[in-house]
Amino acid sequence: MDSLPEIRTHSSYAELANASHDAVVAVYTGDTAQALNQAPCATWAEAVAPFCRIDNEFGKHVALVPASSVAGGRLILSPIASLDDDTDDVRRVFDAVKAGVARAIEAGAKVPAVYLAPLPESANAVPDADYSRWVEVALLAALDASYVTLVVREHRQLTDGAAAVVEQLQSIHLVVENLSDAQLSAAAKRASAIESGRRLAMDMGYGDPERMTPHNCAETIRAAASATPGVDYELIDDLDVIKKEYPLLYNSARASFAEKRTWPCVVKLEYRSPERAKVKEHLYLVGKGVTYDTGGISLKIGGSMRGMSRDKLGACGVAGFAIATGLMQDPTVDLSCILAFERNSIGPNSLLPDEIVYSRAGVRVLINDTDAEGRLVMTDPVSECRERILAARASGSSLPAAIYTVATLTGHVIRAYGWYGATVANGPARRGHYDQRLAASGLAYGDPFENSIMRREDHEFVRGRTDREDVYQSNSLASTLTDRGHQYPAAFIIKASGLDKHSLSSGANAIPFVHVDIAGSAEDGHEPGLGLCGITGSPVATFAGAFWS
């Protein structure tokens, strides 16, 4: 992985006098003149006074002001509209910092200093906001502004050679005067680890279907894992092994067998805490890695295939979180990740509706829609996780364990919530508030999640009605045209993987399970012209906040 810009933190603005930088980005709330009168440098107010006198709109948007007293002569004002209104949250901070740093980059800065004014006390009164991680969020915003995607880095290296710009910034100075050096250093460490994970996820996510085939994704993850302490990597690419161990993935991917470069594969990542006495839980994470989704024989039509190179973002996010955890060397969690990669192609050997396929758990699955492939590729890995949890318990382990699936699974979640992710948890996970942990962390890191609730109708919807099948994989309609279209797939995964035997009624055999649908949160929802949306790196930061110490 390419290195990040160096982050240097300062608990006093005066420290910048001895730090090389070429711009100052001031981020603050409230009236500009009043805020700058309270700023640590009196000359800021002098620099902006002429603009305030002639422009009533000055200070309401990002502005570059010439200031001889500031290094590089560049003072960038990036105001936050408010932090204490009904729907305000920490994303206000992210947006302001990213906009300010982006303006500094446009002006030619390579080493900006970001000054964060103290948050107003009124911000803490907003019920659906959490500013406890606002400094990390600010750093993530600055790093996001500096990020150059892998495909652009490769293009620039091809065309510009050694002169290629592969990172916008060389380093970032952060000034927060109401926090200690130790607090700022800890925030910088966490933000750097999270950003490294986000960048892995985004590097793969932005790759087109040929740049990021299943095996190219696997190789990208291998390279990252080899450079990360404590993360072990395993690749399963033998079709006979996949057929035996992950039969639903195998059958979903059949049409891709015509070309070896598009064969499916499974990547396993393992992370073990370096401080065994501090481990609090073992997380089993399953990611959907569909590198392109044609819909299979249930072909996507009417332009709906566009953007389906992004259908791998669940696996990308899980890989990113594993790498971030290894870099952080978090002592409180163990991770076991299974990433199922395939291209859902169309051809003579395609999986067909009306087929009945056995899952790893021996459950007979009636296929109704080959475009509902995501639940297929994840179900057998979930079954494997279930087996591993039971084996650990049988060997005497009492370490709490839970299973999470992460996927861009349905359009329905976007129809229901817009550009937000959603969780769907089983009874044991609901009882343990596992889904609420993710929602709370998402608020703190600016990646809000909605908690959807699984109902009896979801299980009834997929229940087999004849003696020929045990469970229906889907109906034949788009999820956006189906009631509870993002909830019932979790019920399918539970049944087809054998997790239905580990519900609340199973007592000590209960296993918490949370399905995380990131179809909304994995992209930013803003299409540039005829291009594709930006990628956010969700849920790397949310998982870090939920599971790290």
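Ile-346 counts as partly exposed because its relative accessibility is 42%, where buried means under 20% relative accessible area, exposed over 50%, and partly exposed in between (1.4 Å probe, protein chains only). The model is predicted, so that local features need pLDDT of at least 70 and side-chain atom pairs count only at pLDDT 80 or more, while totals for chains, interfaces and linings use all residues. Residues are numbered from 1 along each chain as its sequence is written, and side-chain values use heavy atoms, with hydrogens and water left out.

Ile-346 is located in the loop that runs between strand 10 (333–344) and strand 11 (356–358), strands being DSSP runs of E with at least two residues, numbered from the N terminus. Together with Ile-297, Leu-299, Ile-301 and Leu-352, Ile-346 forms a nonpolar patch on the surface, with about 440 Å² of accessible area in total.

Glu-270, in strand 8 (residues 265–271), is buried, at a relative accessible area of 17%. Its side chain makes polar contacts (pairs of N or O atoms within 3.5 Å, one able to donate a hydrogen and the other to accept it), at 2.7 Å with the side chain of Ser-336 and at 3.0 Å with that of Arg-388.

How values were computed: Patches are made of residues with over 30% relative accessible area and no salt bridge: like charges are joined within 9 Å, nonpolar side chains (Val, Leu, Ile, Met, Phe, Trp, Tyr) within 5 Å. Accessible areas come from the Shrake-Rupley method with a 1.4 Å probe; for residues, only the protein chains shown count as cover. A salt bridge is a side-chain nitrogen of Lys or Arg within 4 Å of a carboxyl oxygen of Asp or Glu. Helices (H or I, at least four residues) and strands (E, at least two) are DSSP runs, numbered from the N terminus.
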